[in-house]
Amino acid sequence: MRRHGTMTREEACDMIWSLYLISGAPMYEAPDYDSTQPWPYKDERDNDIAAKSRVISALSIMDTKQMSRNLGIHEQRLKHLHAAYAAAIIKRLKSLHLPDFGKKETALKDEIIRSHPANPDGNVIGSDIKDYEWTHRWNNLVTFSSRNSMYHSYVSKIMEKRFIPMLVKYFPDQAGEVVKYIRKAGYGDGEVLDLIDRTAGYNSNTAYLYQGKSGEEHRKKLQQKIRNSCPAASRNANK
């Protein structure tokens with residue numbers, strides 16, 4: 001995508017279809033955290049999540065103007081397609097994340113340790129584990145917990161930071177379109193401006209997203225939060 005030269009129409013079609021297939025591909029059919037079945041994907045824990053993330057990263061750097069020429073379609077149509085891809089991926093990963101799982105994880109681990117036949121007192125796990133069902137149950141819990149954290153971290157640290165600037169670039173002065181795709185990504189109305197704050201932020205390019213009563217109220221709350229966290233700066237600003 002970053003190479004020199006012009007992409008052929010066939011290459012452009014292949015790319016769009018590849019991104020579509022990766023976007024819609026199913027996630028790993030992983031065992032539940034209390035399952036005694038072995039993890040079926042050898043040496044792979046998050047390749048499916050990482051692949052989805054790379055699709056959004058690829059879309060965010062794509063030259064839609066050049067791509068639309070290669071494909072012979074209107075650029076705006078391509079932008080809507082890209083936004084739909086990204087929104088669907090984020091919504092899927094958000095739906096898989098269990099925000100409160102960490103609260104029960106410690107208790108689950110303690111329960112598994114106590115259930116090990118070689119450690120009836122639950123003091124240590126032991127290095128010579130022969131109970132394969134127990135081992136699979138422990139590994140599945142650890143893997144489930146790790147993947148649960150990855151769903152959130154990939155979305156919040158990578159995908160959101162690509163998604164929102166991409167929408168702002170695609171739909172300048174079209175707040176309705178930006179909000180539409182944010183909602184399609186699984187965010188509620190009360191989350192929209194907070195999401196914009198932590199990704200694109202308030203600036204000349206995003207000011208149109210803060211228009212209206214709700215936007216003005218949100219900006220006042222944000223400014224108050226900044227003043228409360230930086231009292232010295234607030235006093236200097238008021239001098």
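**Exercise 1.** What do the side chains of Lys65 and Glu75 meet in, and at what N to O distance?

Solution. The model is predicted. The side chains of Lys65 and Glu75 meet in a salt bridge, at 3.4 Å from N to O. Lys65 belongs to helix α3 (residues 64–71) and Glu75 to helix α4, so the pair ties together parts ten residues apart in sequence. Lys65 has 42% relative accessibility and counts as partly exposed, because that class lies between the limits of 20% and 50%.

**Exercise 2.** Determine how helix α1 (residues 9–24) is oriented to helix α4 (residues 75–96), and describe their contact.

Solution. The two axes come within 10 Å and cross at roughly 25°. That makes α1 roughly parallel to α4, because angles under 35 degrees fall in this class. The crossing of α1 past α4 is left-handed. On the α1 side the contact is made by Ile16, Leu19, Tyr20 and Ser23, and on the α4 side by Leu78, Leu81, His82, Tyr85 and Ile89. These contact residues divide into seven nonpolar, two polar and no charged.

**Exercise 3.** Find the helices linked by the salt bridge of Glu111 with Arg137.

Solution. The closest N and O atoms of Glu111 and Arg137 are 3.1 Å apart. Glu111 lies in helix α5 (residues 101–115) and Arg137 in helix α6 (residues 132–170), 26 residues apart. Glu111 is partly exposed, at 36% relative accessibility.

Key:
Residues are numbered from 1 along each chain as its sequence is written. This is a predicted model: local features need pLDDT of at least 70, side-chain atom pairs count only at pLDDT 80 or more; totals for chains, interfaces and linings use all residues. Side-chain values use heavy atoms; hydrogens and water are left out. Axes are lines fitted to C-alpha atoms, for helices over the stretch in contact, and angles run from 0 to 180 degrees between N-to-C directions. Helices (H or I, at least four residues) and strands (E, at least two) are DSSP runs, numbered from the N terminus. Angles under 35 degrees count as roughly parallel, over 145 as roughly antiparallel, 65 to 115 as roughly perpendicular and the rest as oblique. A crossing is left-handed if the near helix is turned anticlockwise from the far one by less than a right angle, and right-handed if clockwise. Contact means heavy atoms within 4.5 Å. Ala, Val, Leu, Ile, Met, Phe, Trp, Tyr, Cys and Pro count as nonpolar, Asp, Glu, Lys and Arg as charged, and the others, Gly among them, as polar. A salt bridge is a side-chain nitrogen of Lys or Arg within 4 Å of a carboxyl oxygen of Asp or Glu. Buried means under 20% relative accessible area, exposed over 50%, partly exposed in between (1.4 Å probe, protein chains only).
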